[in-house]
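Hi,

Here is the structure I promised to pass on. Have a look at it first, and my notes follow below.

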Amino acid sequence: MNITFTPIKKENLEEVIKMFQTAADKINRMHIDHWQYWKNPPSEKIKWVEEGIQNKEYFFVQNADQEVIGMVRILDEDLLYWGKQSEKAKYIHSLLVKEKFNGNGIGIQILNRIANDAKKQNCKYLRLDADSTNPKLCRYYEKQGFQKVGIQKLTISTYNLYQKELI
C-alpha cells in the first residue's frame, strides 16, 4: 500500500483526540491498561498534542485514496521520555493505525518510512517508547528490530524505551 504523511493542523485537534479515544477503546477490549487516559484526556495530554501540532510533528497517514488510515508524531528530540541525547535520532510517538486497517502491515510501512527519512537526515537511531503494561506492543516493536535500552517512569505509567540503529 502506498502511504503519504500529511501534516496535521490545529483545526484537526478534535479528530486527533477522537482517534486516540477510539484506539483506547480497542485496547481496552483487549484487556490492556494502556492509553485509557485518552477516554477522558487530562489537560496536560491535550496540551502535549497541541504543542506537537504547533511544532509540525503530527502527521495523518493516508492511503492512495487520501483516506486517513492512521497518524504518527515524529520528533527531533524527546526530553520528556529520553532526556538530552548526544546521538542524532528521530523519536516516534502516537503511532496509530485505525482498526479497520490493522493486520495489513501499515505500522511496519510507517516505521520504515520514518527510518528511511531519518537515514537521509543522517540520524543514527530511531527511538520510541512503549507502555510496559502492553506486552503485545513491546513484542511488536522488538520484532521490528527495536532493542529495549531503558525504562522511563512517568506519572501516567512506566515506559520501555526502544531504539533501532539505522544502518
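In which strand does lysine 90 lie? Lysine 90 belongs to strand β4, which covers residues 89–97. Keep in mind while reading that this is a predicted model.

I'd stay with that lysine for a moment. Is lysine 90 buried or exposed? Its relative accessible area is 10%, so lysine 90 counts as buried, the cut-off being under 20%. Its side chain has a polar partner: a contact of 2.3 Å links lysine 90 to the side chain of aspartate 76. If you skip the neighbours within four places in sequence, lysine 90 is in contact with Ile74, Leu75 and Asp76, and also with Ala118, Gln121, Cys123, Tyr125, Leu126 and Arg127.

Now the overall picture. The protein has 5 helices and 7 strands, and along the sequence they come in the order β-α-α-β-β-α-β-α-β-α-β-β. For 167 residues, a compact globule would have a radius of gyration near 15 Å, and the protein agrees with that at 15 Å. Taken along the principal axes, the C-alpha atoms fill a box of roughly 40 × 35 × 30 Å. Of the 167 residues, 47% count as buried. The accessible surface comes to about 9300 Å², and carbon and sulfur atoms account for 47% of that area. As for contacts with a separation of 6 or more, 61% are between residues 24 or more positions apart.

Next, the inside. The largest nonpolar core has 29 residues, and Phe20, Trp35, Trp38, Val49 and Met71 are those with the most contacts inside it. The elements giving two or more residues to this core are α1 (13–29), α2 (43–54), β2 (58–62), β3 (68–75), α3 (79–82), β4 and β7 (158–165). Which of them gives the largest share? That is α1, with 8 residues. Apart from this core lies another one, of 25 residues, with Phe5, Ile92, Ile106 and Leu126 among them.

Two loop residues are worth a click. Histidine 31 is in the loop between α1 and α2, and with 75% relative accessibility it counts as exposed. Its C-alpha atom is 29 Å from that of aspartate 78, while the two residues are 47 apart along the chain. Asparagine 134 sits in the loop between β5 (125–131) and α5 (135–143), yet asparagine 134 is buried, at 6% relative accessible area. The side chain of asparagine 134 makes a polar contact of 2.8 Å with the side chain of histidine 34. Beyond four places in sequence, asparagine 134 touches Ile32 and His34.

Finally, the cysteines. Cysteine 123 is buried at 6% relative accessibility, and cysteine 138 is buried at 6% too. How many disulfides are there? The count comes to 0, where a pair of cysteine sulfur atoms would have to be within 2.5 Å to qualify.

Cheers

Technical notes: Residues numbered from 1 in each chain as written. Predicted model: local features only at pLDDT ≥ 70, side-chain atom pairs only at ≥ 80, totals over all residues. Heavy atoms only, no water. Buried < 20%, exposed > 50% of the residue type's maximum accessible area, 1.4 Å probe, protein only. Helix = DSSP H or I, 4+ residues; strand = E, 2+ residues; numbered from the N terminus. Polar contact = N/O pair within 3.5 Å; in protein donor to acceptor, adjacent residues only side chain to side chain. Contact = heavy atoms within 4.5 Å. Rg over C-alpha atoms; globule rule 2.2 N^0.38 Å. Areas by Shrake-Rupley, 256 points an atom, 1.4 Å probe, with all protein chains shown as cover. Core = buried A, V, L, I, M, F, W, Y, C linked by side-chain atoms within 4.5 Å.
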